[in-house]
Every structure is written in structure tokens, then in C-alpha cells.
Amino acid sequence: MAEFTAQWPAGTLTNLHSSNPEPLSWQELNTITGCDLAQVIAQSNLGYESVQGNEHLRQLISQQYHQNITSNDVVLTSGAQEGIFLVMQALLEANDHVIAFTPCFEPLVKVAENAGASVSTCELLADNNWQIDWALLKCQFNAKTKLLIINFPHNPTGSHITANDLQQLQDLCHEHGCWLFSDEVFRGLEHDTNVRIPAAADDCEQAISMGVMSKALALPGIRLGWLCCQNQQLLQKIITIKSHLSICQSSLDAQLCQKVIPHSERIWQRNLDIILNNKKQLKKLVDSNDEFAWTEPAASATAFIRLNKYQGRDFAQSLAENKKLLVLPDDVFLTEHSGFRISLGLTQTNNHYQQIFNHKPNIS
Ligand SMILES: Cc1ncc(COP(=O)(O)O)c(C=O)c1O
């Protein structure tokens, strides 16, 4: 992603690819929390936090994880990106084998490879709502498989799995004696709010669930995420590695999060209102233009638009050069399906959506 976007100086293109919904303003956040957050910041402690992270905030986060996760099972991180690094460093050694799905958020594969593991990727089934190809998945496991990585609700396709699918994934990990790392940063953005599934780590000791403020809670300027895991040995290893990285997250971020997390449901709903409205606009454009196709997203704040006539990279490059609009091409997500990721979570997109669907790249 960095390589593709670095072609243009920051701020010169209109961003239409973000996976996070439109960031909340201070005013919106004050209204939702019922607090003057400037006062919260002014009164906060400016010392270090503990390495595991603020106890009260961990408790608030654990309450979102239903029955079995307690504050002791939570480690705070500086964003989800640090969470990914911590998990891979704590679990993986050279020659370990990892399984991941594509298309994917690239660091989920690359950080595992950088930790010395070999990664087998399974393409999600584009022609079947980007669901898991169970036969393909089952034949990827071998004696060295240490970790299965999942990310549902999914970036970039907006697909989701059922509680039954999650149970099957947990059973497969159990059968093969490997860990399940579940990147759940879009949890809360299920388009049908009745289909929220349990967090993977809630009822499985061999699983790690990850959340963050930047995605479903639309606050990427607050660099705070969390890992939840019931296995205390792994958690302690993660805490030790974190003490060599960020040490602790910003205490200002932690103070803000304590006010925000209890209002998660309301923020998710604010984001869903934007997402569902954009999805309706996009559906009209996709349905009326046979050069484009999609599986209508069921969750998260992005869609993957498939291209019938062009390569994703050519289309995105031409769109950026000629229209100054930025979407992300397929190769950024390590997939062979031609297409691009588009945001469903930003406001004031309609006119830009039209321009994308009217765009005819001049490719020789
Ligand atoms: C699936 C997924 N996981 C993790 C992250 C990292 O989140 P952050 O940038 O807030 O650390 C992202 C960011 O786009 C993501 O899409």
C-alpha cells in the first residue's frame, strides 16, 4: 500500500479507499460521551502507564468480550499494527508454517514472513460471497503449522463468517494443535446487527482476538488497540516483547478511550448509517454498469469492486493520474482477482463514486 500511495505527494489525491469510517470530530465525540474531552485531557496523568496497560480500560474492553475474557486477559497496544507484530514475534520462529486468507490486509502475511515463517495463502471464494474454501483450507495444514490467521469482518471485501464457521475454524486449530489469530478490528460494523459473532478468544484458549480504536470506532488518531488471550504464558511473552517496543501506549489516549469505549454501540451505529447509505449508492452504480461487479458487503467499511475489463493496478493508476481519486488495487491485498478496494465509510462520496464508475482508462 505504501509503495502504491507514495507515487503522489500527501494530500494531492482524494482518499476514497480508507478502511476506517470517517473519523469522528471532537464535537461529535463530546456529544456521544457526554463529556468535555478537552477537560479530560487537561486533567490526565502524564506519567508512564503499566506495560500491560491501564487496568480500568482493560476492564472496559473485557466487558465487550462477554463471558470469559477478564481484564487480566487483555494487553493494550499502540494500534493494531503493533498488535500484529507482537503476536507474530511471540508465536513464530524460523520454519514455522502459517495459514492466511487472501485478499488480505497485507501485514497479516508480511509480518508473519518477516518473523521467519512460511505462509500458505487460501483465496476466499469470490464467486461465493468471499466465503472460506473449506476443502482448500483443510489441505494447507501440516505438522509445522503454528498459526491460522483470520480477519472477519473482512478487509477489503466486507465479507463475514457465521458463528458456525468460527467454531469450525477453532475446531481445526484444536485438531492441528495450532493457534488462531483473529483480527477483529471491524467487529461492530456488521451491516445486519443481528449477526454479530462471538470473539474468537472468548471461548477458546488457543485463540487471540484483536481490536482497535481506528476501525469500527472511527478514531485512527487515537493509537490504541488491544489483544485478548486467555493463555497467560503467551500473554506474558507478548508483554515482555511490548516492553522492548512502545513500552506502554500514550496515557492521553488511554484516558480518552475510557470515556469512549462504553459508547461503542452508539459509535458503531453512527458509522453504519454512513456505510449503509454509501452501499446503496454504490449498488446502483455497480448494478447499472457491466464493466464492474461485486459481492455486496455484509460487514466492515469497504467493498472490493471487481473489474471485468481492466487490471486493478492499471485502473487505479489511471484514476489517480487523471481524476486525482485514490482507490487501492488488488495487488495491495495479495489477491489475483482484478479489482480495487473502495471505502464505504467516508462522507460526501457520491459525486466521487460517479466519477470512478464513469472512468475509462486509456490503456494501450
Ligand atoms: C484488518 C486490519 N487489521 C489491522 C489494521 C491496523 O490498524 P491500525 O492502523 O489502526 O494499527 C488495519 C488497518 O487498516 C486493518 O485493516
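A residue counts as buried if 20 or more other C-beta atoms lie within 10 Å of its own C-beta atom. The views below come from a predicted model.

**View 1. Ser182, a buried residue in strand E6****.** Ser182 sits in strand E6, which covers residues 179-183. Within 10 Å of Ser182 there are 23 other C-beta atoms, so Ser182 is buried. Leaving out residues up to four places away in sequence, Ser182 touches Ile150, Ala200, Ala201, Ala207, Ile208, Ser209 and Met210. Glu265 gives a distance for scale: 83 residues separate Ser182 and Glu265 in sequence. In space, their C-alpha atoms are 21 Å apart.

**View 2. The whole protein chain.** The protein chain has 13 helices and 13 strands. Its C-alpha atoms fill a box of roughly 55 × 55 × 40 Å along the principal axes. A compact globule of 364 residues would have a radius of gyration near 21 Å, and the protein chain, at 20 Å, agrees with this. Of the 364 residues, 45% count as buried. Consider the contacts in the chain with a separation of 6 or more: residues 24 or more positions apart account for 75% of them.

**View 3. Asp202, in the loop between E6 and E7****.** Asp202 has 19 C-beta neighbours inside 10 Å, so Asp202 counts as partly exposed. Gln230 is 28 residues from Asp202 in sequence. The C-alpha atoms of Asp202 and Gln230 are 8.0 Å apart in space.

**View 4. Helix H4 packed with helix H10****.** Two packed helices are described by the angle between their axes and the distance between the axes. Helix H4 spans residues 55-63, and helix H10 spans residues 251-260. Their axes are 9 Å apart, at an angle of about 40°. H4 and H10 are therefore oblique to each other. The crossing of H4 past H10 is left-handed. From H4 come His56, Leu57 and Leu60; they meet Ala254, Cys257 and Gln258 of H10. By class, this contact has four nonpolar residues, two polar residues and no charged ones.

**View 5. Helix H5 packed with helix H9****.** Helix H5 covers residues 79-91, and helix H9 covers residues 232-242. The angle between them is about 115°, and their axes lie 9 Å apart. H5 passes H9 in a right-handed crossing. On the H5 side, the residues in this contact are Leu86, Gln89 and Ala90. On the H9 side, they are Leu234, Lys237, Ile238, Ile241 and Lys242. Sorted by class, the contact of H5 with H9 holds five nonpolar, one polar and two charged residues.

View 6. Most residues other than glycine have a negative phi, and most peptide bonds are trans. Pro103 lies in the loop between strand E3 (97-102) and helix H6 (107-114). Pro156 lies in the loop between strand E5 (145-150) and helix H8 (163-176).

**View 7. Trp130, a loop residue with positive phi****.** Trp130 has a phi near 55°, a positive value in a residue other than glycine. The loop that holds Trp130 runs between strand E4 (118-123) and helix H7 (134-138). Trp130 is buried, with 25 other C-beta atoms within 10 Å.

**View 8. Ala218, a loop residue with positive phi****.** Phi of Ala218 is near 55°, again positive in a residue other than glycine. Ala218 is placed in the loop between strand E7 (207-212) and strand E8 (225-228). Inside 10 Å, Ala218 has 25 C-beta neighbours, so Ala218 counts as buried.

Key
Residues numbered from 1 in each chain as written. Predicted model: local features only at pLDDT ≥ 70, side-chain atom pairs only at ≥ 80, totals over all residues. Helix = DSSP H or I, 4+ residues; strand = E, 2+ residues; numbered from the N terminus. Rg over C-alpha atoms; globule rule 2.2 N^0.38 Å. Buried ≥ 20, exposed ≤ 12 C-beta atoms within 10 Å, placed from the backbone. Contact = placed C-beta atoms within 7 Å. Axes fitted to C-alpha atoms, helices over the stretch in contact; angles between N-to-C directions. Parallel < 35°, antiparallel > 145°, perpendicular 65-115°, else oblique. Left-handed = near helix turned anticlockwise from the far one by under 90°. Nonpolar A, V, L, I, M, F, W, Y, C, P; charged D, E, K, R; others polar.
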